[in-house]
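Take a walk through a protein fold, one piece at a time. Keep the sequence and the 3D view side by side as you read.

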Amino acid sequence: YEIVSRDWSSDVCSSDLEGLAGQAYWQHYLSNSLPDALNLPYKKREIDTSNVTYSQLSHQFTGEFVSQVEQFAKTLDLTTFQVIQLSWWWLLARLAPQHTFLTQLNYDPRSESEEFEGALGCYNKELPLIVKYDTEQTFKSWLTNTAEVVENHLQWAECITVEQLALVATHNGAVNSLNTGTLEYSSEQQSELQLTILDDHTISIYFAEQCYSDAAISSILTQLEQVLKEVVRTGGEELNSTISLLSEVEKQQHLALNKADESQPELLHERIAQDRKSVV
């Protein structure tokens with residue numbers, strides 16, 4: 001084990017041209033006005049940081065389905081974890097009213113670099129990540145573009161300043177992997193909603209009970225699997241706007257409901273919003 005007490009990132013980012021390039025990268029990425037933090041229509045109320053209780057709901061994929069996702073991931077030179085991670089952000093941006101939000105990319109150099117493997121100390125960073133949903137882009141194109149941004153973030157992670165790190169005011173929508181050791185670290189923060197990928201077959205959503213109901217979280221988990229199924233089926237060549245968040249069975253159920261009452265919206269969060277309006 002190596003105990004590192006000095007500020008390694010400062011040394012790297014001020015002593016050579018590569019460090020200057022990293023500083024320029026973050027200045028450019030954060031130069032425009034940043035979007036708001038994730039605030040889904042599912043959300044019941046603002047979080048009360050003085051009295052928060054957390055729950056989790058897990059979802060397990062079948063072995064056959066995981067194999068299909070893995071094969072799709074290989075066509076893009078990505079891992080299964082990366083495809084699930086990016087699909088989660090795609091779904092949240094799709095559901096968000098403005099189709100864009102600010103979240104964090106969890107970074108721990110001990111899991112990203114052999115140089116830091118086994119090092120002691122606090123190296124975790126929460127890098128600001130802007131997630132955008134574009135209706136006219138194909139899912140495959142969106143996936144590869146966003147994966148490139150994530151890769152660039154990780155490459156220049158040690159060059160971000162304390163002030164730039166402070167721009168991430170929420171952990172909402174973050175993604176953790178149990179294998180990186182970030183779960184315990186992140187669970188100590190005030191996180192309203194985050195996805196933890198336990199392994200290729202199992203995912204869990206950790207959420208603040210004051211903000212989200214079990215039904216809302218269950219719906220999000222179902223929608224995430226549906227998105228992945230659509231991506232596997234089409235190879236990601238569909239336009240984002242044409243990807244349905246409903247399975248065929250759910251579509252038939254909603255069609256039946258719509259025949260009885262055509263004024264009812266299709267998705268759960270839209271119904272919640274309509275119910276709130278009717279109450280007001």
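**A walk through the fold**

F139 and W142 both sit in helix α6, which spans residues 139-155. They are three residues apart there, so about one helical turn separates them. Keep in mind that this is a predicted model.

Look at the two side chains. F139 is buried, with a relative accessible area of 0%. W142 has 3% relative accessibility, so W142 counts as buried too, because buried means under 20%.

Now look at their rings. A pair of aromatic rings is described by the distance of the centres and the angle of the planes. For F139 and W142, the ring centres are 6.3 Å apart and the planes stand at 35°. In the whole structure, a search finds seven aromatic pairs. Ring pairs also join F139 and W142 with W90 and Y133 in a cluster.

Stay in helix α6 for one more residue, K140. Leave out residues up to four places away in sequence, and K140 touches L76, G235, G236 and E237. K140 and N240 are 100 residues apart along the chain, yet 9.0 Å separates their C-alpha atoms.

Next comes helix α4, residues 80-95, with its partner α9, residues 214-234. Two packed helices are described by the angle between their axes and the distance between the axes. Here the angle is about 115°, and the axes are 10 Å apart. The crossing of α4 past α9 is right-handed. Which residues make the contact? From α4 come V83, I84, S87, W88, W90, L91 and L95. From α9 come I220, Q223, L224, V227 and L228. Sorted by class, this contact has 10 nonpolar residues, two polar ones and no charged ones.

Now find the sheet. It is open and has four strands, in the order β1-β6-β5-β4, with mixed pairing. β1 (54-60) and β4 (174-177) are at the edges. Each has a single partner strand, so one side of each has no neighbour in the sheet. On average, neighbouring strands are turned by 25° against each other, direction ignored.

β4 and β5 (residues 193-197) run parallel, joined by four bridges. In this pairing, N176 stands opposite T196 of β5. Helix α4 packs on the sheet and touches β4, β5 and β6 (202-208). The direction of α4 makes about 160° with that of β5.

What does Q85 touch, leaving aside its neighbours within four places in sequence? Q85 is in contact with L105, V175 and I197.

Finally, step back. The protein has 11 helices and six strands. Of its 280 residues, 47% are buried. Take the contacts with a separation of 6 or more: residues 24 or more positions apart account for 71% of them.

Conventions: Residues are numbered from 1 along each chain as its sequence is written. This is a predicted model: local features need pLDDT of at least 70, side-chain atom pairs count only at pLDDT 80 or more; totals for chains, interfaces and linings use all residues. Side-chain values use heavy atoms; hydrogens and water are left out. Axes are lines fitted to C-alpha atoms, for helices over the stretch in contact, and angles run from 0 to 180 degrees between N-to-C directions. Helices (H or I, at least four residues) and strands (E, at least two) are DSSP runs, numbered from the N terminus. A crossing is left-handed if the near helix is turned anticlockwise from the far one by less than a right angle, and right-handed if clockwise. Contact means heavy atoms within 4.5 Å. Ala, Val, Leu, Ile, Met, Phe, Trp, Tyr, Cys and Pro count as nonpolar, Asp, Glu, Lys and Arg as charged, and the others, Gly among them, as polar. Two strands pair if DSSP finds at least two bridges between them. Rings of Phe, Tyr and Trp (its six-membered ring) pair if their centres lie within 6.5 Å; planes under 30 degrees apart count as stacked, over 60 as edge-to-face and the rest as tilted. Buried means under 20% relative accessible area, exposed over 50%, partly exposed in between (1.4 Å probe, protein chains only).
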